[in-house]
Amino acid sequence: MTTTIDEELRKMKCYSKKSYFKWKFNIWYDNLDKKKMTPDEFLKYVDRKSFVPFERWERTPEYQRLVNIYLNSKSANDLLEVYEKVSEKAKEGDDKAINQLLKLQKEIKANIKSSKNKNTTEEDDGLVI
């Protein structure tokens with residue numbers, strides 16, 4: 001089952017890393033209408049003097065996994081936006097948009113089928129009985 005970036009960040013024990021990730025990708029949920037903190041403001045917020053520990057963390061598998069989860073959710077949102085725009089044009093009778101919409105629908109169905117197959121396939125844990 002796919003986890004969301006919110007779920008993954010909630011699991012994190014290190015508050016400063018969690019905050020850094022939210023700051024870097026501007027995904028603060030309690031202040032969406034406020035401007036992004038400056039780097040100096042962020043360091044003060046997490047009571048750190050430098051970004052060096054965060055830069056080191058960016059090279060870890062944990063950070064890379066979080067980025068992949070975040071980007072996956074962004075691409076799903078982008079796909080939704082594209083779908084809605086193409087759908088509107090197709091409803092207006094645009095032949096090119098109709099073809100694009102049909103291709104998008106086919107791709108979405110294939111992705112759903114692929115996701116279901118991944119979720120039902122058991123992972124091999126390497127245990128030999």
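Biologist: Are Phe21 and Tyr63 buried or exposed?
Modeller: In this predicted model, a residue counts as buried when its relative accessible area is under 20%. By that cut-off Phe21 falls into the class asked about, and Tyr63 falls into it as well: both are buried.

Biologist: How are the ring planes of Phe21 and Tyr63 arranged?
Modeller: A pair of aromatic rings is described by the distance of the centres and the angle of the planes. For Phe21 and Tyr63 the centres lie 5.8 Å apart and the planes stand at 70°. Since planes over 60 degrees apart fall in one class, the pair of Phe21 and Tyr63 is edge-to-face.

Biologist: How many residues apart in sequence are the parts that the pair of Phe21 and Tyr63 ties together?
Modeller: Phe21 belongs to helix H2, whereas Tyr63 belongs to helix H5, which covers residues 61–91. The pair therefore links parts whose separation in sequence is 42 residues.

Biologist: Which helices hold Tyr20 and Trp57?
Modeller: The rings of Tyr20 and Trp57 form an edge-to-face pair, because their centres are 6.3 Å apart and their planes are at 70°. With relative accessibility of 4%, Tyr20 is buried, and Trp57, at 3%, is buried too. Tyr20 lies within residues 15–24 and Trp57 within residues 52–57, so the pair ties together helix H2 and helix H4.

Biologist: Which residue lies over the face of Trp23?
Modeller: Trp23 is part of one aromatic cluster, whose members include Tyr20, Phe21, Trp57 and Tyr63. At 4.8 Å from the ring centre of Trp23, over its face, lies Lys36.

Notes: Residues numbered from 1 in each chain as written. Predicted model: local features only at pLDDT ≥ 70, side-chain atom pairs only at ≥ 80, totals over all residues. Heavy atoms only, no water. Phe/Tyr/Trp six-rings, centres within 6.5 Å; stacked < 30°, edge-to-face > 60°. Helix = DSSP H or I, 4+ residues; strand = E, 2+ residues; numbered from the N terminus. Buried < 20%, exposed > 50% of the residue type's maximum accessible area, 1.4 Å probe, protein only. Lys NZ or Arg CZ within 6 Å of the ring centre and 35° of its normal.
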